[in-house]
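Student: I have a model open and would like to go through it with you. Could we begin with the loops and then turn to the ligands and sheets?
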Amino acid sequence: MSRKFDVVVIGAGPAGYVSAIRAAQHGKHVACIDEWQNKDGKYAFGGTCLNAGCIPSKALLESSELYHRAQHEFKKHGITTGDVGIDIAAMQKRRASIVRQLTGGIAGLLKANKIEALVGHGKLLAGRKVEFTPVDGDVEVLEAQHVILATGSTPIELPMAKFDQEKIVDSWSALEFDAVPGRLGIVGAGVIGLELGSVWARLGAEVTVIEAMGDLLFMADRDIAKVAGKDFKSQGLDIKLGARLVGATASADGVTVNYEDQHGPQTLAVDKLVVAVGRRPFTDGLLADDAGIQLDDRGFIEVDEECRTRVKGVYAIGDCVRGPMLAHKGSEEGVMAADLIAGEVAELNYDVIPSVIYTAPEIAWVGQTEEQVKASGREYKTGSFPFAASGRAKAMEQTSGMVKIISATDDDEILGIHIIGPMAGELIAEAVLAMEFSASTEDLQRTIHAHPSLAEAVHEAALAADKRALNYPN
Ligand code: FAD
Ligand code: NAI
């Protein structure tokens, strides 16, 4: 006899495990299936985000930033040290330990919520049945009232630079290097390229990034991208724009990289090459032929605004469906799907999803860029405030960057807030909340911000939109 569940979730990344917990909070009988296996052979919940993405990358960004600041900033504070050294094994041990604690935490949360946590492969069959193939044991068919597909994404592999995970590697392997490569090549100056490039550059690698687009950070506001370009250059990141990879050949000596830019064919010799040119939805082995689920032409599972697939009772969320591939977007879709299953009203405001790039300075934004607003034809005003004029940023010795706000001229609606600077990833939360609550620019202007704080820069940028900045000339 097959086991019956109210909800079966396939995938326990930030989309899947969150949807499972929310469904359990609604009193549903839930199973959550995941097959993630770490490089040490151990199975773990948490998906890409916890095991090979958000969390390990931020652990290394923090360690490498502290190393960099100890070398380059401490003196200014009057702090003297001996030679500052770096122990990569210890750094990686810390990274692995954080991942272990957090993935273990997910297993604990599933248990606390009385969710059946199943380790193995899930496959959607017709009629809301799920075939579960455990890592050990017999295949079982589960029956479900509702199924949530949350199988995530995987790195795109280029045919001319196939991963060997030794010399030509994906982002996961690049998070687990056991030594600093002397010369590191990166294909793609996207979010991963910039974050991982920063990590290994701070630790001493000579980093060259090859980016096909002619503009850096084409998805960001141009004013922000300009500051970022200058800062990355001064940090020693050699970013070659308008450079398209043609081929990469690994040998005992390293990797020979061939690319083309406006000057013609170029060659680059590196010790390791990270290919970070985007991720593709992962649905391998997920769908039986008669499951009835439709994929779009890029392989994403087709869903409506409420994450419903074409099959009644089957939802899909997170990286395997349209929209930005971000953990918080997937988690909120998980909450929405579970709430809808429970019969509640639920929706997600896709216009107000924050983006953060955890470089130094951090880059964060929500809403539209100035270029997008201009193209929309709506009359707008802008205000900005540089961190160089912020007392708190000066005290922190982190004065690069600014806050920029774009607002509608007619009704004062905030259309976008863009930040490059210290703790931008934290500061953006105020901007998201303001936009979620449809705050006007004046609402931000009249909100009291603690002094001295970095958040004052958001306040001043809002004031500057009406030429009322108090701590910077208008
Ligand atoms: P995933 O996290 O990919 O989880 C899917 C899970 O489903 C996996 O565990 C997989 O093993 C399992 N699975 C797949 N198919 C099956 C099956 N058939 N049966 C059983 N199990 C299956 N996003 C941010 O918001 N902030 C960041 O700072 C950030 N940093 C990142 C850094 C890196 C290096 C990378 C690679 C990504 C980063 N991301 C970040 C993106 C983020 O990791 C993803 O958006 C997020 O993990 C997507 O969540 P998900 O639950 O949809 O999928
Ligand atoms: P990306 O889409 O951010 O960037 C890929 C880059 O590679 C693009 O700039 C593209 O123009 C370039 N490119 C593509 N093909 C190329 C070629 N042949 N030669 C040279 N350049 C080429 O993808 P990335 O960095 O792999 O990250 C994947 C996703 O993971 C991100 O889009 C994001 O959703 C998520 N992520 C989020 C993070 C965060 O929120 N802080 C951190 C890391 C990843």
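Predicted model: local features only at pLDDT ≥ 70, side-chain atom pairs only at ≥ 80, totals over all residues.

Student: What kind of peptide bond joins His-451 and Pro-452?

Tutor: The bond between His-451 and Pro-452 is cis, with omega at about -10°. A cis peptide bond also joins Ala-360 and Pro-361, where omega is about 0°. Pro-361 is located in the loop between β17 and β18.

Student: And what about Lys-114, where is that found?

Tutor: Lys-114 belongs to the loop between α4 (88-112) and β3. Although Lys-114 is not a glycine, its phi is positive, at about 60°.

Student: Let us move to ligand 1. Which residues come nearest to it?

Tutor: There are 38 residues around ligand 1, and those that come nearest are Asp-34, Thr-48, Lys-58, Gly-122 and Asp-319. By class, this shell has 17 nonpolar, 16 polar and 5 charged residues.

Student: How much of ligand 1 does the protein bury?

Tutor: Ligand 1 taken alone exposes 990 Å², and the protein buries 94% of that.

Student: Now the other ligand. What is around ligand 2?

Tutor: Ligand 2 has 23 residues around it, of which Glu-195, Glu-211, Gly-278, Met-325 and Val-356 come nearest. The shell has 15 nonpolar, 3 polar and 5 charged residues. α6 (191-202) and β11 (244-251) each supply at least two residues, and α6 gives the most, with 3 residues.

Student: Which polar contacts does ligand 2 have with the backbone of Val-191, Leu-245 and Met-325?

Tutor: An oxygen atom of ligand 2 lies 2.6 Å from a backbone N or O atom of Met-325. A polar backbone atom of Val-191 is 3.2 Å from an oxygen atom of the ligand. With Leu-245, the pair is a polar backbone atom and a nitrogen atom of ligand 2, at 3.3 Å. Taken alone, ligand 2 exposes 840 Å², of which the protein buries 80%.

Student: β11 was mentioned there. What is the strand order of its sheet?

Tutor: β11 belongs to an open sheet of 3 strands in the order β11-β12-β13, with antiparallel pairing. The edge strands, β11 and β13 (264-270), each pair on one side only. On average, neighbouring strands of this sheet are turned by 20° against each other, direction ignored.

Student: How many bridges join β12 to β13?

Tutor: Strand β12 (residues 254-261) is joined to β13 by 7 bridges, and the two run antiparallel. Within that pairing, Thr-256 stands opposite Ala-269 in β13.

Student: Back to β17 and β18, then. What sheet are they in?

Tutor: They are part of an open sheet of 5 strands, ordered β17-β18-β21-β20-β19, with antiparallel pairing. β17 (355-357) and β19 (380-386) stand at the edges with a single partner strand each, so one side of each has no neighbour in the sheet. Neighbouring strands here are turned by 10° against each other on average, direction ignored.

Student: And how is β19 joined to β20?

Tutor: 7 bridges join β19 to β20 (residues 402-408), and these strands run antiparallel. Pro-386 has Met-402 in β20 as its bridge partner.

Student: Which strands of this sheet does helix α11 touch?

Tutor: Helix α11 (residues 424-436) packs on the sheet and touches β17, β18 (362-367) and β21 (414-421). The direction of α11 makes about 10° with that of β18.

Student: Finally, where does α13 lie?

Tutor: Helix α13 (residues 456-464) lies across β19, β20 and β21, running at about 140° to β19.

Notes. Residues numbered from 1 in each chain as written. Chains lettered and ligands numbered in written order. Heavy atoms only, no water. Near = heavy atom within 4 Å. Areas by Shrake-Rupley, 256 points an atom, 1.4 Å probe, with all protein chains shown as cover. Nonpolar A, V, L, I, M, F, W, Y, C, P; charged D, E, K, R; others polar. Pairing = 2+ DSSP bridges. Helix = DSSP H or I, 4+ residues; strand = E, 2+ residues; numbered from the N terminus. Axes fitted to C-alpha atoms, helices over the stretch in contact; angles between N-to-C directions. Contact = heavy atoms within 4.5 Å. Polar contact = N/O pair within 3.5 Å; in protein donor to acceptor, adjacent residues only side chain to side chain.
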